[in-house]
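Student: Could you take me through one part of this structure slowly? I would like a close look at the place where the two chains meet.

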2 protein chains.
Amino acid sequence: VSVVVLYNGPGDAPAEIDAWRGYLKACDPGIDFRVWPDTGPLAEIDYCLAWMSKPGDLARYPNLKAIFWLGAGVDHLLKDRELPRHVPIVRLVDPGLTAGMTEYVLQHVLRYHLRQPEFDAFQRQGLWRKLDIPLAKDRRVGLMGLGVLGRDAAAKLVDLGFAVAAWSASPKTMADVACFHGDEQLMAFLGRTEILVCLLPLTPATAGIINARTLAALPRGACVINAARGGHVVDADLVAALDRGHIAHATLDVFTEEPLPVEHAFWRHPQITLTPHVASQTIAETASQVVIEGLKAVRAGRLPANVVDLQKGY
Amino acid sequence: VSVVVLYNGPGDAPAEIDAWRGYLKACDPGIDFRVWPDTGPLAEIDYCLAWMSKPGDLARYPNLKAIFWLGAGVDHLLKDRELPRHVPIVRLVDPGLTAGMTEYVLQHVLRYHLRQPEFDAFQRQGLWRKLDIPLAKDRRVGLMGLGVLGRDAAAKLVDLGFAVAAWSASPKTMADVACFHGDEQLMAFLGRTEILVCLLPLTPATAGIINARTLAALPRGACVINAARGGHVVDADLVAALDRGHIAHATLDVFTEEPLPVEHAFWRHPQITLTPHVASQTIAETASQVVIEGLKAVRAGRLPANVVDLQKGY
């Protein structure tokens, strides 16, 4: 019998907790599924399915065999200096999460491509005015990050015919995508990008990567979509670039502080569309299947897929 | 030498006219390309590339061999009682036009699927509030019309994993799409549709098809996207369904009268997003290639593709 605890899960709604219990027990009736804070003695816990833990929380389980993080990005988790680093930490790479992110990216890329913010402004003014819209092949979309999420979004954008490029820290390749990498190719990538999408992991190397210098490297009128982490953006630099019209519009799903403080300038900026960190939500139906595969691997003595590289930070 | 006249083309911008001339002459330098009103004697004209002609206009060309209509829908053209019906009338089925329509449909389906209008309202209120978003497989999109445009949009929606159904006047089939047809299956189709997309041709049979009765057949909270013709919608019925909250939101690109009159209720309705008939614009680069193929066919004595069936009206 394995004892699994769901710690502060994103599905803190009772229905979502029941769904996790149901899916895990359907796969292995021997699983003893417990929900924090009703964990029983912490020494009994074998596996922790964790989300938004506070520093030190996970160190309190002395006999953990693995941690399954219920999100794609582990930057929050890795800030925990007491994190048990001797067990595999598995981040969530889940088809449901990936599809949700791709849907979000497609919605906002299409919105900018089809010039919807301008049409929205015309509607508010009662103005019937057509605008030219280029063919997708003439619209240059640039993705920062070419991991699982970046690749899926890139593939769907390529399917729609967009001129897609991607930038990543280390060299990567993908069919029909112009691939750039490293500091020395960042400016060239930005210079050809009309719609920038950030899907990078947040690491010391990528923190603040959307700043005055990189925003200035985008062509005038470019749009920015950030669905990765708030820490990728230097907020004041983005607002300044929007205010002087160099950046036409930005869509932001993530923020340095969440919930975004009520007094933050982003809330009421006319060129910003914001959503409350919903671009990609963990859904028990698909995420539980991924966790079950990971549990099987660990129990069979294998290393599960998507174990975090503590050195790289993702 | 064939004499081709561009009549009131949608590309009435000089650059667009030059593009048409350039593409046609690159294909056949023998083409004598003229632009209305500088047509010379009308008896010299062999082919008319027409757009938004007025009744009687096309009857004035006595020696026409074919009419190439530079749009997908010919309802406007067929209202012309003096239309020369003895020559092939070819409607535009153009990859650029089709892709543009699919982009528009995807943008607005994704916007409703991802509940963006609700998040927009939260942003205006300074409210950080997450909402559940179902997996695409649990989101039921329904397309009215399964011609070239409907099939392309359906295929892309299927690629994204949506639960797609389609309704058409006559029986049709498509892989991974639940197909409904005819009056007797219309209510069943509507009853399972959360996001309705109209891409029908406008004919006497489809005029006013989005009305009080059909809107009431949609589940409460459904959204409507009309990118076909304004005549498909009974405007007052749509406004009433929005006002009582049965329909949550509508996106409209086409209107009974265009430009939409300034006093029309659609302009300022908070649940309506409107665009000025731009969902699918004719672009010389791709449309000219289709016209060139059609010209080749007619000159070789063959019937070109996409000749309008005057009986069916599309």
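Tutor: Happy to! Chain A and chain B bury about 4,100 Å² between them, and 62% of that area lies on carbon and sulfur atoms. Keep in mind as we go that this is a predicted model. The size of an interface is often given as the accessible area lost when the parts come together. On the side of chain A, Glu103(A), Gln123(A) and Trp128(A) supply 20% of the area buried against chain B, more than any other three residues.

Next, look at who takes part. Chain A brings 51 residues to the contact and chain B brings 52 residues.

How do the two copies sit relative to each other? Two copies of a chain are related by a rotation about an axis and a shift along it. Here, a rotation of 180° with 0.0 Å of shift along its axis superposes chain A on chain B, with an RMSD of 0.0 Å. The two copies are thus related as by a two-fold rotation axis. The same surface serves both copies, since 100% of the contact residues of chain A recur in chain B. To find the axis on your screen, go to Gln107(A): of the residues of chain A, its C-alpha comes closest to the rotation axis, at 2.6 Å.

Now for the polar side of the meeting. Between chain A and chain B there are 18 residue pairs in polar contact, counting pairs with both residues at pLDDT 80 or more. Two salt bridges are found across the interface of chain A and chain B. In a salt bridge between the chains, the side chain of Lys137(B) meets that of Glu285(A), at 2.9 Å from N to O.

Which elements of chain A touch chain B with two or more residues? They are α3 (95-113), α4 (116-125), α5 (148-159), β12 (272-274) and α9 (284-299) of chain A. The largest share of this side, nine residues, comes from α3(A). Sorted by class, the side of chain A that touches chain B has 24 nonpolar, 14 polar and 13 charged residues.

Before you go, turn to a sheet in chain B. Five strands form an open sheet in the order β2-β1-β3-β4-β5, and the pairing is parallel. Its edge strands are β2 (32-35) and β5 (89-90) of chain B, each pairing on one side only. Strand β1 (residues 3-7) of chain B is joined to β2(B) by four bridges, and Val4(B) stands opposite Phe33(B) in β2(B).

How values were computed:
Residues numbered from 1 in each chain as written. Chains lettered and ligands numbered in written order. Predicted model: local features only at pLDDT ≥ 70, side-chain atom pairs only at ≥ 80, totals over all residues. Heavy atoms only, no water. Least-squares fit on C-alpha atoms with pLDDT ≥ 70 in both. Contact = heavy atoms within 4.5 Å. Buried area = accessible area lost by both parts, 1.4 Å probe. Salt bridge = Lys/Arg side-chain N within 4 Å of Asp/Glu carboxyl O. Polar contact = N/O pair within 3.5 Å; in protein donor to acceptor, adjacent residues only side chain to side chain. Nonpolar A, V, L, I, M, F, W, Y, C, P; charged D, E, K, R; others polar. Pairing = 2+ DSSP bridges.
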